[in-house]
Amino acid sequence: MTDTELLLAISNMLDSKLKSELQPFKNELTRELQTIRSELAGELQDIRSELAGKLQDIRSELAGELQDIRSELAGELQDIRSELQTLKNDQQSLRAEVHSIKLYQENIILPRLATIEACYIDTYNRYKDYTDKMDATFEDIALLKQVVAEHSEKIQKLA
């Protein structure tokens with residue numbers, strides 16, 4: 001046998017001896033690994049269950065809060081609708097009042113204003129026509145005052 005063959009034979013013997021001696025360690029490590037895997041799987045399952053429970057609690061809490069918010073918003077929306085309806089009613093009554101005011105203005109106030117305007121225009125035209133005569137009248141009155149004053153003096157001297 002050659003050296004290579006001998007080394008190969010020794011290597012095979014060592015491999016089989018190591019294999020047989022390491023097999024119990026390997027089996028023990030495999031069992032421990034299985035145990036650890038089982039424990040981890042159990043713990044992971046517990047954590048999943050715990051998280052699922054917490055998640056369900058959070059969902060329930062959020063659903064309750066969402067329902068409260070919906071109820072509150074529905075109430076506020078109803079209040080807004082009531083206010084809007086009130087505003088619509090007020091708007092209709094205001095429109096009716098404005099219409100009534102317009103009719104009153106058209107049928108009563110405007111004709112009366114036209115009458116007043118006509119009177120003032122007539123008066124203005126009369127005064128305008130006599131403006132030329134007014135200056136002469138003022139002069140005549142001034143003259144009359146002088147004459148009356150002179151006559152009063154003469155009458156008092158005679159008396």
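In the predicted model, Ile116 has its place in helix α1, the element that runs through residues 3-129 and that also holds Tyr104. The secondary structure of the protein chain as a whole comes to two helices and zero strands. Along the chain, Ile116 and Leu94 are 22 residues apart, and their C-alpha atoms are separated by 30 Å.

The overall dimensions of the protein chain were computed next. Along its principal axes, the C-alpha trace spans about 195 × 45 × 35 Å, and the radius of gyration is 61 Å, whereas a compact globule of 159 residues would have a value near 15 Å. Of the 159 residues in the protein chain, 0% are buried, a class that requires a relative accessible area under 20%. The accessible surface comes to about 15,000 Å², and carbon and sulfur atoms account for 60% of this area.

On this surface, a nonpolar patch of about 680 Å² is formed by Tyr104, Ile108, Ile109, Leu110, Leu113, Ile116 and Tyr120. Two of these residues were examined for their accessibility. Tyr104 counts as partly exposed because its relative accessibility is 45%, and Ile116, with a relative accessible area of 43%, is likewise partly exposed; both assignments follow from the cut-offs, since the partly exposed class lies between under 20% for buried and over 50% for exposed.

With regard to charge, the protein chain carries 20 positive and 30 negative side chains, and the centres of these two sets lie 6 Å apart.

Key
Residues are numbered from 1 along each chain as its sequence is written. This is a predicted model: local features need pLDDT of at least 70, side-chain atom pairs count only at pLDDT 80 or more; totals for chains, interfaces and linings use all residues. Side-chain values use heavy atoms; hydrogens and water are left out. Patches are made of residues with over 30% relative accessible area and no salt bridge: like charges are joined within 9 Å, nonpolar side chains (Val, Leu, Ile, Met, Phe, Trp, Tyr) within 5 Å. Accessible areas come from the Shrake-Rupley method with a 1.4 Å probe; for residues, only the protein chains shown count as cover. A salt bridge is a side-chain nitrogen of Lys or Arg within 4 Å of a carboxyl oxygen of Asp or Glu. Helices (H or I, at least four residues) and strands (E, at least two) are DSSP runs, numbered from the N terminus. Buried means under 20% relative accessible area, exposed over 50%, partly exposed in between (1.4 Å probe, protein chains only). The radius of gyration is taken over C-alpha atoms; the globule rule is 2.2 Å times the number of residues to the power 0.38. Lys and Arg count as positive and Asp and Glu as negative; His and the chain ends are not counted. The place of a charge is taken as NZ of Lys, CZ of Arg, CG of Asp or CD of Glu.
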